[in-house]
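User: I am new to this structure. Please show it to me, and then let me ask about the terms.

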Amino acid sequence: MAEVLVYVDHVDGSVRKPTLELLTLARRIGDPVAVSLGNGAADTAATLAEHGAVKVLTADAAEFADYLVAPKVDALQAAVESVSAAGSLAAVLLPSSAEGKEIGARLAIRIGSGIITDAVDLEAGDEGPVATQSVFAASYTTKSRITKGTPVITVKPNSAPVEPAAAAGAVEELAVTVADSSKGTKVVSRTPRESTGRPDLTEAAIVVSGGRGVNGAENFPVIEALADSLGAAVGASRAAVDAGWYPHTNQVGQTGKSVSPQLYIAAGISGAIQHRAGMQTSKTIVAINKDEEAPIFELVDYGVVGDLFNVVPALTDEVKTRKG
Amino acid sequence: MSLRIVVCVKYVPDATGDRHFAEDLTVDRDDVDGLLSELDEYAVEQALQIKEAADDAEITVLTVGPEDANDAIRKALSMGADKGVHVEDEDLHGTDAVGTSLVLAKAIEKTGYDLVVCGMASTDGTMGVLPAMLAERLGVPQVTQLSEVSVEGGPNGTVKGRRDGDTATEQLEASLPAVVSVTDQSGEARYPSFKGIMAAKKKPVEELELDDLDIDADEVGLEGAWTKVEDATERPARTAGTIVKDEGEGAKQLAEFLAGQKFI
């Protein structure tokens, strides 16, 4: 069976959820071979094996942290060459993070391949993997494939379930020589983002977002309280972010994060195209808005026309009571 | 020596319009108004700020696209860029990201550059891969996704910037020449002044074809593309949901719905 390379996104050895989703998709196409780089790379092997990695190629070198992106491309290229030499390589999958897309882009140029980004589904096809994408602010669904080289595909978070599927997960050290030309961009300092204790926005099963109607940074705790009662991530519309009420890292929309949770709750958000582009593929959509004409109500499975300052706190209490 | 800045911009269908696919599954550019991609305005703005802080700099705006893409160049010129380069060739129709990066890289090399500035992604394709591809093709450092950027020391100087990632904020530094991309957090783009709009009409725009860049027609276009869209389906409108007016029971009714869907 052909092999599929899966680029592992991890923080000091702790594998992030989108990588496990990639393993689910990779198993539809071939045998997943994980590539894990940097500090803690070897620690990822057990989790990856539990989710279907037949092999885990690891490399740890200071260069992966000291320079931006390019050294990781050198490593992934080495993995592509090593797997291709030993058998057949069906595809290279990466998470659709900013870095995942950049690594994929450079790899595609280097190995002479096409690239598809932001896939939301992946299936095996006669002429190679077929990727489903959601485009034009999610108003169209396309199916595409790569026609030259080894397909390089980046996949959005929440595109597939995480499935346990025990496999050998044999750890092999990957020989990587980081080229001098890959040491052009120095990472002078790195400050880890402070944890809010809430799930990551793009990975969360439930997202609660606030918009213009929240009317001030001092009111966002109302949104956060509902999110916490549901174990949800907190999002914000561009209007709320531009007004300085909530950090840009939480922005949902065309110029922010694109989310696809099981449940999306929009409070005080009108639903402009810019916002819809980032949340329209959510499975269930709920909105709370004073204005019954707000376009967000065209998308909802359930909408409440009312003042969010009445409805959201009361809903938070209801959720807490029901959850006991 | 003058600092040579090349800003790559894209002419895109208006994101607030009704965007569709044409019969050959390329983006339909005829039925919807086009404009300079909003995310590229931030790139033009940062290039202008870098120029203003430098002793001597010149900004060239580069685009690849159909005749109308000239509008995107004019907009950037009216904001304050100095000259334009427009690569237009009928064989380019349907070119994908890999092909576009080839055309841009050749045009950048032909123009001459110390710093390439891009937006974080286009508002139509939204891939966000071009800056990394350009760095790879040009063989220069990639300093991307910056919410802050500055250049010190002219053409042989250094570019510095702040990259706000998902898990960390990084301070980056590279020697020129380099490719940078900036996010929508880098600072609001200026509006063209009346004077700027008038001045833009006199600024030179060089027209290039594939031959001028030594690119064969089969390396680009729909046939030369490295990816193929096989099917595009309009997403069915979401079925109308239940809408209730809150008369004191809204939260309870909503909680009932959420419980029914097993969310609580």
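Analyst: Start with chain B. Helix H3 (residues 97-111) and helix H4 (residues 130-138) of chain B pack at about 55°, and their axes lie 9 Å apart. This is a predicted model; local features need pLDDT of at least 70, side-chain atom pairs count only at pLDDT 80 or more, and totals for chains, interfaces and linings use all residues. Residues are numbered from 1 along each chain as its sequence is written, chains are lettered from A and ligands numbered from 1 in the order in which they are written, and side-chain values use heavy atoms, with hydrogens and water left out.

User: Why are H3(B) and H4(B) called oblique to each other?

Analyst: Angles under 35 degrees count as roughly parallel, over 145 as roughly antiparallel, 65 to 115 as roughly perpendicular, and the rest as oblique. The H3(B)-H4(B) angle is about 55°. Therefore the two are oblique. The angle runs from 0 to 180 degrees between N-to-C directions, with axes fitted to C-alpha atoms over the stretch in contact. The helices themselves are DSSP runs (H or I, at least four residues; strands are E, at least two), numbered from the N terminus.

User: What is the handedness of the crossing of H3(B) and H4(B)?

Analyst: The crossing is right-handed. That word applies if the near helix is turned clockwise from the far one by less than a right angle; anticlockwise is left-handed.

User: Which residues of H3(B) and H4(B) meet?

Analyst: Contact means heavy atoms within 4.5 Å. H3(B) residues that meet H4(B) include Leu102(B), Ala105(B) and Ile108(B). On the H4(B) side, Met133(B) and Leu134(B) are among them. By class, this contact has 10 nonpolar, two polar and two charged residues. Ala, Val, Leu, Ile, Met, Phe, Trp, Tyr, Cys and Pro count as nonpolar, Asp, Glu, Lys and Arg as charged, and the others, Gly among them, as polar.

User: What makes H6(A) roughly parallel to H9(A)?

Analyst: Helix H6 (residues 220-230) of chain A packs with H9(A) at about 20°, axes 9 Å apart. That angle makes H6(A) roughly parallel to H9(A). Their crossing is left-handed. Leu226(A) of H6(A) and Leu315(A) of H9(A) are among the residues in the contact. The classes are nine nonpolar, two polar and two charged.

User: How do H9(A) and H7(B) pack, and why are they called oblique?

Analyst: H9 (residues 308-323) of chain A and H7 (residues 250-260) of chain B pack at about 45°, with axes 8 Å apart. They are therefore oblique. H9(A) passes H7(B) in a right-handed crossing. Leu315(A) is one of the H9(A) residues that meet H7(B). The contact has eight nonpolar, no polar and four charged residues.

User: Which domains does chain A have?

Analyst: Domain 1 is 3-182 and domain 2 is 206-323. These bounds come from an automatic or database domain assignment. Their centres, over C-alpha atoms, are 32 Å apart. The two domains bury about 500 Å² between them, 53% of it on carbon and sulfur atoms. Ala137(A), Ala138(A) and Asn158(A) supply 72% of the area that domain 1 buries against domain 2. Buried area is the accessible area (1.4 Å probe) that two parts lose on being put together, summed over both.

User: What is the phi of Ala137(A)?

Analyst: Ala137(A) has a positive phi of about 55°, although it is not a glycine. Most residues other than glycine have a negative phi. Ala137(A) is in the loop between strands E8 (130-135) and E9 (140-146) of chain A.
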